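Please look over the fold below.

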Amino acid sequence: KGKDIIKAEIYRHSSNTMAFGIYASERSPSYRFLNLGAQGYVVDGVVNFFKGNFYVKLRTYSEKQKTLQAQEALARRIEAMLQGPAEMPDMLSKFPDNGKKENEETFVNESVLGHQFLNKAFKANYRIGNDDVSIYLIRSGSADETLRVAKAYLSSAGIEFDINETRYVFSDGYNGNIFLAWSGDLMVIISGLAKDQADIAATYTYDILK
């Protein structure tokens, strides 16, 4: 109305995971979060949320309270129109809660930790003692594919693969120490811990892979 304009954009992605990935890449834990779709937030004239395969972005430059309220109301009307579950990706539930930083989970579609052979990873950030730690989860779709990726990672680090071993710790260039483990089609990568903190890595790995 007049100069008070609200712009709404609706993006349809190939999956709920991809919609979450783009949404998560643009959020910050400092935003005011809403019970909107799977999750939404408000910040400085912006209302963004995702639901199912859809990522929705609304923007206004108006500072009028009436317009901002209308913007949230419009977001809820759009949310009600869109099909799909108002749920976070299932993989996020595998991250242990202990030490996890709230609303910092992301999805890395390609080149995880800078490696072309590591793709489609969910990432969560943790504060463990005085350390900032990141945990990556990669579900490959089959145990054979997970094994192939693990071998590629170990080879890139100059580590000899042992058919009887599914847990390794090694140095990965600019990424520092890496704790790598897998079971079936699920791989866990932990960065940010020292080699003498293997017991911590083992605890988190066990909670995820059990």
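Is Lys120 buried, partly exposed or exposed? Lys120 is partly exposed, with a relative accessible area of 47%. Buried means under 20% relative accessible area, exposed over 50%, and partly exposed in between, with a 1.4 Å probe and protein chains only as cover.

This is a predicted model: local features need pLDDT of at least 70 and side-chain atom pairs count only at pLDDT 80 or more, while totals for chains, interfaces and linings use all residues. Residues are numbered from 1 along each chain as its sequence is written, and side-chain values use heavy atoms, without hydrogens or water.

**Overall build**

The protein chain has four helices and 11 strands. Helices (H or I, at least four residues) and strands (E, at least two) are DSSP runs, numbered from the N terminus. The C-alpha trace spans about 70 × 35 × 30 Å along its principal axes. Of the 210 residues, 41% are buried. The accessible surface comes to about 11,500 Å², and carbon and sulfur atoms hold 47% of that. These areas come from the Shrake-Rupley method with a 1.4 Å probe. Among contacts (heavy atoms within 4.5 Å) with a separation of 6 or more, 56% join residues 24 or more positions apart.

Lys120 lies in the loop between E6 and E7. Its phi is positive, near 55°, in a residue other than glycine. Leu113 sits in the loop between strand E6 (106-108) and E7. Leu113 is not a glycine, yet its phi is positive, about 55°. Leu113 is buried, with a relative accessible area of 18%.

**Strand E5 and its partners**

Strand E5 (residues 54-60) has five of its seven residues buried, so it is largely enclosed by the rest of the structure. Strand E1 (residues 6-12) runs antiparallel to E5 and is joined to it by seven bridges. Two strands pair if DSSP finds at least two bridges between them. Ala8 has Leu58 of E5 as its bridge partner. E4 also pairs with E5 in the antiparallel sense, over six bridges. There, Phe50 stands opposite Tyr55 in E5. The hairpin of E4 and E5 has two residues between the strands, and Gly52 takes a positive phi near 55° in it.

The expected span of a helix is 1.5 Å times one less than its number of residues. Both helices come close to it, as tabulated.

| Helix | Length | Span, first to last C-alpha | Expected span |
|---|---|---|---|
| H3 | 14 residues | 20 Å | 20 Å |
| H4 | 12 residues | 16 Å | 16 Å |

Which residues of H3 are buried? They are Thr146, Val149, Ala150, Tyr153 and Leu154. They cover an arc of only 135° around the axis, which puts them on the same side of H3. The arc is that of the directions from the helix axis to the C-beta atoms. An α-helix has 3.6 residues a turn, so residues three or four places apart point the same way. The buried residues of H3 pack against strand E9 (167-171), strand E10 (177-183) and strand E11 (186-191). Asp144 and Ser155 are exposed, on the face of H3 turned away from its buried side. Gly158 follows H3 and has a positive phi, near 75°.

In H4, the buried residues are Ala201, Tyr204, Thr205, Ile208 and Leu209. Their arc around the axis is only 120°, which puts them on the same side of H4. They pack against E7, E8, E9, E10 and E11. Asp199 and Tyr206 are exposed on the other side of H4.

**Nonpolar cores**

A nonpolar core is a set of buried Ala, Val, Leu, Ile, Met, Phe, Trp, Tyr and Cys residues joined through side-chain atoms within 4.5 Å. The largest has 29 residues, of which Phe95, Tyr126, Ile135, Leu137 and Ile190 touch the most other members. Elements giving two or more residues to this core include helix H1 (16-25), strand E4 (46-51) and helix H4 (198-209). A second, separate core of 17 residues includes Val112, Tyr136, Val149 and Ala150.

What does Leu137 touch, not counting residues up to four places away in sequence? Its contacts include Met91, Phe95, Lys120, Phe122, Val188 and Ile208.
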